Amino acid sequence: MSQYSEFDFDQVDYVTSDTHFGHARISELAGRPFDSVDEMDAELIRHWNEVVGPDDVVLHLGDLALGPIEHSLHLTSQLNGRRFLVPGNHDRVSPATQSNRAVERFRPLYETAGWTILPEVIEGTRRGYRLLASHYPYAGDSHDVDRHAKHRPRWDDGVPLLHGHTHARDHGPDGHQFHVGVDAHGFSPIGFTVIDTWIRTLPGTETHLDAAIREARQVVADLDDAERPGMDGLFYVQGYNELRVVLGELLDAIESSARNAAVESRP
């Protein structure tokens with residue numbers, strides 16, 4: 001079963017990260033073409049609302065706002081759409097950089113501005129394909145070392161990952177990870193259809209259902225190949241538990257696949 005919190009990526013229309021509202025030095029640090037923080041904030045709001053409608057769903061992958069936080073968070077209340085936030089290291093609700101007490105103190109400010117706070121790493125499916133999202137990439141940083149290692153996703157095991165954090169300006173996709181930060185995408189959120197196309201073109205990418213079927217068959221094959229004479233109860237308990245896990249994954253994948261098929265068949 002997933003080690004991360006489950007999230008329904010099928011509901012999302014746009015994804016973005018690293019807006020840094022209210023951060024006076026981010027234009028200098030990240031090479032942004034703005035003469036002042038007020039100009040940057042106004043342009044970020046304009047770009048956002050030009051592409052995101054009031055009923056759209058946006059997933060923001062962290063580093064939302066800095067500076068005087070009450071002011072900068074209030075600015076984000078002007079943004080269109082239903083908005084989810086996966087915390088980044090500069091967010092006041094980040095377990096990587098804030099105490100539990102601080103997180104609980106600042107959470108109401110984010111919620112008042114219209115944000116639903118999610119865990120640091122989320123996992124789910126999009127059009128049947130498995131997908132991870134986090135502020136942090138599998139590997140990469142805006143510094144010389146990969147910071148906050150304990151708060152990053154697990155190692156790259158082939159599952160596509162959406163991330164921010166690097167402030168890279170020259171690409172979105174990079175192997176199994178895709179940088180969604182505004183610095184790489186014209187300071188605007190990205191339509192999730194772009195992510196859909198990328199996932200389908202990744203070599204060897206399986207749908208959740210295909211992967212669950214393959215893993216279930218492998219567990220059954222391993223049990224069939226095992227020598228039975230002399231096997232103790234511990235072996236059978238272990239095999240039973242492995243089978244339960246893969247069957248649970250398989251049932252979840254079948255349910256998700258059926259749900260997606262029902263949605264796509266609607267007129």
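Modeller: Contact here means heavy atoms within 4.5 Å. The model is predicted, so local features need pLDDT of at least 70 and side-chain atom pairs count only at pLDDT 80 or more, whereas totals for chains, interfaces and linings use all residues. Residues are numbered from 1 along each chain as its sequence is written, and side-chain values use heavy atoms, with hydrogens and water left out.

Biologist: Which residues is L85 in contact with, leaving aside its neighbours within four places in sequence?

Modeller: Among them are H60, L64, V93, Y110 and W115.

Biologist: What makes a group of residues a nonpolar core?

Modeller: The members must be buried Ala, Val, Leu, Ile, Met, Phe, Trp, Tyr or Cys residues joined through side-chain atoms within 4.5 Å, where buried means under 20% relative accessible area with a 1.4 Å probe, protein chains only. The largest such core has 28 residues, and those with the most contacts inside it include F21, L64 and L85. A second, separate core of 23 residues includes F7 and I122.

Biologist: How do you know that β3 and β4 pair?

Modeller: Strands are DSSP runs of E with at least two residues, numbered from the N terminus, and two of them pair if DSSP finds at least two bridges between them. Four bridges join β3 to β4 (residues 82-85), and these strands run parallel; H60 has L85 as its bridge partner in β4.

Biologist: Why is one side of β1 and of β9 left without a neighbour in the sheet?

Modeller: β1 (5-6) and β9 (173-174) stand at the edges, each with a single partner strand, so one side of each has no neighbour in the sheet. The open sheet has six strands, in the order β1-β6-β7-β8-β10-β9.

Methods:
Buried means under 20% relative accessible area, exposed over 50%, partly exposed in between (1.4 Å probe, protein chains only).
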